Amino acid sequence: MNFFVSYFHTSRKYQTIFGDLLRFRTFGGSVNAQYPLNKFKRIDISFTTLGITRDYSSVNTIFSNPNAGNQSENQRSIFLYP
């Protein structure tokens, strides 16, 4: 039986055509198991979790108006799939 564990994290910064600055982050990990039946066949099982975040905080701390407050909230979604 073979076991594998992996993780990942990426971050990208974008500016929209309207001038909004934002950052997208993807992160997650997986656990995989393989059981060989014979030389040509095997059973694979995998569970992966994936998180996606639309992040304004890195931009708002530099460019925000202190009197305006925090107008944009960060958005996060997390998925688990086989």
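Q: Why does Asp44 count as partly exposed?

A: In this predicted model, whose local features need pLDDT of at least 70 and whose side-chain atom pairs count only at pLDDT 80 or more, Asp44 has 46% relative accessibility. Buried means under 20% relative accessible area, exposed over 50%, and partly exposed in between (1.4 Å probe, protein chains only), so Asp44 is partly exposed.

Q: Why does Arg42 count as exposed?

A: The relative accessibility of Arg42 is 52%. Exposed requires over 50%, so Arg42 is exposed.

Q: What makes Arg42 and Asp44 a salt bridge?

A: The closest N and O atoms of Arg42 and Asp44 are 3.1 Å apart. A salt bridge is a side-chain nitrogen of Lys or Arg within 4 Å of a carboxyl oxygen of Asp or Glu, so the pair qualifies. The structure holds one salt bridge. Side-chain values use heavy atoms, with hydrogens and water left out, and residues are numbered from 1 along each chain as its sequence is written.

Q: Why is Tyr35 called partly exposed?

A: Tyr35, found in strand S2 (residues 21–36), has 42% relative accessibility and therefore counts as partly exposed. Strands are DSSP runs (E, at least two residues), numbered from the N terminus.

Q: What makes the nonpolar patch?

A: Met1, Phe3, Tyr35, Leu37, Ile43, Ile45 and Phe47 form it, with about 780 Å² of accessible area together (Shrake-Rupley method, 1.4 Å probe). Patch residues have over 30% relative accessible area and no salt bridge, and nonpolar side chains are joined within 5 Å. Strand S3 (residues 42–55) supplies the largest share, three residues.

Notes. Patch = residues over 30% accessible without salt bridge, like charges linked within 9 Å, V, L, I, M, F, W, Y side chains within 5 Å. Helix = DSSP H or I, 4+ residues; strand = E, 2+ residues; numbered from the N terminus.
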